[in-house]
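Welcome! Take a look at the structure below, and then let us walk through some of its features together.

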Amino acid sequence: MLSFLLVRLHTDESVLKSVADYGDVSLIFSYFVLFNVILAYGMETAFFRFFNKEDDKSKVVGTSTISLIITSLIFFVIALVFQDNIANVIDIKVEYINLVICILLLDALVIIPFAWLRAKAKPMKYALIKILNVVINLGLNLFLLLWLKDLASESSILDSIYIPNFEINYIFIANLVASGITLLLMLPFYFKIKYTFNTILWKQMMRYAFPILIAGVAFSINETFDRILLDKLLPADIAKTEIGMYAACYKLALFMTLFATAFRLGIEPFFFSHAITENPQKNYARILEYFVIFGSVILLTVVVFADVLKVIFIGDEAYWNAMWIVPIILLANFCLGIYHNLSVWYKITDRTKFGAYISVFGALLTLLLNFWLIPIISYKGSAIATLSAYSVMMLLSYYFGNKYYPIPYNLKKIGTYFIISTGLSMLLFYQFRGNYTVGISMLIVFLGIIYFSERNELKQLLKK
């Protein structure tokens, strides 16, 4: 939520001078997502699997840590050597590329330390460091983009720091400092582990991780490649502006993304640790029910108050033209969250190749629909492509999971909540948008349905 405030800051016309400038920033962050996945290459998920599987856990920690250190440093050197070529290929200034390369390196070096905290069930430390990262990033953005210019006129030291028309650089400098401090805080991990590299274990982990990498690359295509394609497929004079509007309104889906991400971070270690217990499928089924219930409420709530949220979080009216996509992207991220919950079957049965197959199919569908729809309806086509891909991935994961690792999901209950929340969201946004009497009434009715259907379960949950 703190990082979401950056949208309000970056879309303020006094910070970034145009929607196209925000389009530039969004485009760079799209490449961030792709390269973060490549630099992690599935090792985080492999770490969880083998940490719970192997008796000698220090061997897993040492092997995965050494592997990521070596690959990250190799990437760093290669990227610096070929930075000019990279800048030409992806049409981004070299000065931005340098900052991006450093941030990617720092973020890669904390992958295993953070995974270790999750595996050791230390959520408070994990959360505090993550929150501090965001607070530093947000604070530096505010200082560099809002206050530095005014303070520079009063201080010769600050005047030497301030550079006019340097806003995009400042955004990534803030990110770089936050990532650097995060790594410093995680350094004790590097001093307490045993640096033992087991080649046999590493090969096993890589065989497990490679399909995760493929799935991750496919996911990054589904999640962010639409900005890159908008840049390539739309006329040059409007492309960055369209990307800026699309990316800003896309951020309103953060409420669903935040919930789904937090849920996945907490549940993923649970999936692995409970895989060897008696009848874990029953718990997996209950977990998905809770996810769909809370996700349905978030979907409907954000849709009802979408026009209030846009005023709060998107500063400039020039971005509001893309509000049409909000229910579509919210629903897409809801489907993605369900997919992540369903994906437990291939992770704990070591059939990660199915995750790769499903994600690659979703990525191909995303690319196909974007190539087809962007020239016709611009960013609306990208939103439809995202929803289509995640919906299909969700259905495919359920189909194959039911075949290889049956879990007794209550499809009647899950389907009812999903269909009602989706139907009401589309009706309220596209037919009754801005009519808060109807919207709030429907939200209250939906909450009432959940309460009367789940009151016994909720009471038990609260007691626990």
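## The second largest pocket

Helix 20 (411-430) gives the largest share of the lining of the second largest pocket, five residues. Helices here are DSSP runs (H or I, at least four residues), numbered from the N terminus. Helix 16 (326-342) and helix 19 (379-404) also supply at least two residues each. A pocket, on a 1 Å grid over the protein atoms alone, is an open set of points where a 1.4 Å probe fits, with protein on both sides within 12 Å along at least five of seven lines; lining residues have an atom within 4 Å of a point.

This pocket has a volume of about 250 Å³, where volume is the space filled by probe spheres set on the points, and grid points are joined across faces, edges and corners. Its lining includes Leu-288, Ile-338, Met-394, Tyr-409 and Phe-418. By type, the lining residues split into eleven nonpolar, one polar and no charged. In this count, Ala, Val, Leu, Ile, Met, Phe, Trp, Tyr, Cys and Pro are nonpolar, Asp, Glu, Lys and Arg are charged, and the others, Gly among them, are polar.

## About the model

This is a predicted model, in which local features need pLDDT of at least 70 and side-chain atom pairs count only at pLDDT 80 or more, while totals for chains, interfaces and linings use all residues. Residues are numbered from 1 along each chain as its sequence is written, and side-chain values use heavy atoms, leaving out hydrogens and water.

What does Phe-334 touch, not counting residues up to four places away in sequence? Its contacts (heavy atoms within 4.5 Å) include Phe-291, Leu-299 and Phe-418.

His-10 sits in helix 1 (residues 5-10). Beyond its neighbours within four places in sequence, His-10 contacts residues including Tyr-22, Asn-141 and Tyr-319.

Tyr-41 lies in the loop between helix 2 (19-40) and helix 3 (43-53). Although not a glycine, Tyr-41 has a positive phi of about 35 degrees, and its relative accessible area of 9% makes it buried. Ser-378, in the loop between helix 18 (352-377) and helix 19, is likewise not a glycine but has a positive phi of about 55 degrees. Ser-378 is buried at 11% relative accessible area.

Definitions and conventions
Buried means under 20% relative accessible area, exposed over 50%, partly exposed in between (1.4 Å probe, protein chains only).
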